[in-house]
Amino acid sequence: SAHVELDTITYNSAVSACEKDGQWAQALRLLEEMASAHVELDTITYNAAVSACEKGGQWAQALRLLVEMASAHVELDTVTYNAAVSACEKGGQ
C-alpha cells in the first residue's frame, strides 16, 4: 500500500475541506493531531480553522486560535482577522 506522508500541506488540505464543509470541531481535532505529530501549523492552517469556526458560529474558538497563533509566533494576516471579526459578528459579540 502507498504511504502518504502527513505534512503541513496534507493537513492544510484536510483542514480546508473541514472549513468548506462547516466541520469546525473536526478542523480543531486536526490541529491537535498536527501538534501531537510535531507537524508545523502555519498561517494557512490556522486561517482555515478560524474560518471553519466562523462558519460554525464558534466565535470563542476563533479568538482562542488567534491567541494560539500569536503564542506560536505564527503570522496573523488579513484573512485571519477578517474571519475572526466575522465570527464575532455572527456570534453577536
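**View 1. The surroundings of Thr-43.** Thr-43 touches Met-69, Val-74, Glu-75, Asp-77 and Thr-80, leaving out residues up to four places away in sequence. Contact here means heavy atoms within 4.5 Å. Thr-43 is found in helix H3. Helices are DSSP runs of H or I with at least four residues, strands are runs of E with at least two, and both are numbered from the N terminus. Is Thr-43 buried or exposed? Thr-43 is buried, at a relative accessible area of 17%. Buried means under 20% relative accessible area, exposed means over 50%, and partly exposed lies in between (1.4 Å probe, protein chains only).

**View 2. The whole chain, by confidence.** This is a predicted model, in which local features need pLDDT of at least 70, side-chain atom pairs count only at pLDDT 80 or more, and totals for chains, interfaces and linings use all residues. Residues are numbered from 1 along each chain as its sequence is written, and side-chain values use heavy atoms, with hydrogens and water left out. The predictor's confidence in each residue is its pLDDT, from 0 to 100. The chain averages a pLDDT of 94. In the chain, 96% of the residues score at least 70. Confidence is highest in helix H2 (residues 24–36), at a mean of 97. It is lowest in helix H5 (residues 78–90), at 94. Where pLDDT is low, the predicted coordinates should not be read in detail.

**View 3. The largest nonpolar core.** A nonpolar core is a set of buried Ala, Val, Leu, Ile, Met, Phe, Trp, Tyr and Cys residues joined through side-chain atoms within 4.5 Å. The largest one has 24 residues. Which residues have the most contacts inside it? They are Val-15, Leu-31, Tyr-46, Val-50 and Leu-65. Helix H1 (8–20), H2, H3, H4 and H5 each give two or more residues to this core. H3 gives the most, with six residues. In soluble globular proteins, nonpolar side chains tend to be buried together.

**View 4. Leu-65 and its partners.** Leu-65 is in contact with Leu-28, Leu-31, Tyr-46, Ala-49, Val-50 and Cys-53. That list leaves aside neighbours within four places in sequence. Leu-65 is also one of the buried residues of H4.

View 5. Helix H4 covers residues 59–71. Its 13 residues should span 18 Å at 1.5 Å a residue. The expected span is 1.5 Å times one less than the number of residues. The end C-alpha atoms of H4 are 19 Å apart, which agrees. Ala-62, Leu-65, Leu-66 and Met-69 are buried in H4. Why do they lie on the same side of H4? They do so because they cover an arc of only 105° around the axis. The arc is that of the directions from the helix axis to the C-beta atoms. An α-helix has 3.6 residues a turn, so residues three or four places apart point the same way. Val-67 and Ser-71 are exposed on the other side of H4. The buried residues of H4 pack against H2, helix H3 (43–55) and H5.

View 6. A disulfide is a pair of cysteine sulfur atoms within 2.5 Å. By this rule the count is zero. Cys-18 is in no disulfide, and the nearest cysteine sulfur, that of Cys-53, is 11 Å away. For Cys-53, the closest cysteine sulfur is in Cys-18, and 11 Å is too far for a bond. Cys-18 is buried, at a relative accessible area of 9%. Cys-53 is buried too, at 0%.

**View 7. Two histidines with positive phi.** His-38 is found in the loop between H2 and H3. Its phi is positive, about 60°, although His-38 is not a glycine. His-38 counts as exposed, at 73% relative accessibility. His-73 is found in the loop between H4 and H5. Its phi is also positive, about 60°, and His-73 is not a glycine. His-73 counts as exposed, at 73% relative accessibility.

View 8. Gln-23 lies in the loop between H1 and H2. It is partly exposed, with a relative accessible area of 40%. Gln-23 and Asn-12 are eleven residues apart in sequence and 14 Å apart in space, C-alpha to C-alpha. Ala-14 is found in helix H1. Ala-14 is partly exposed, at 27% relative accessibility.
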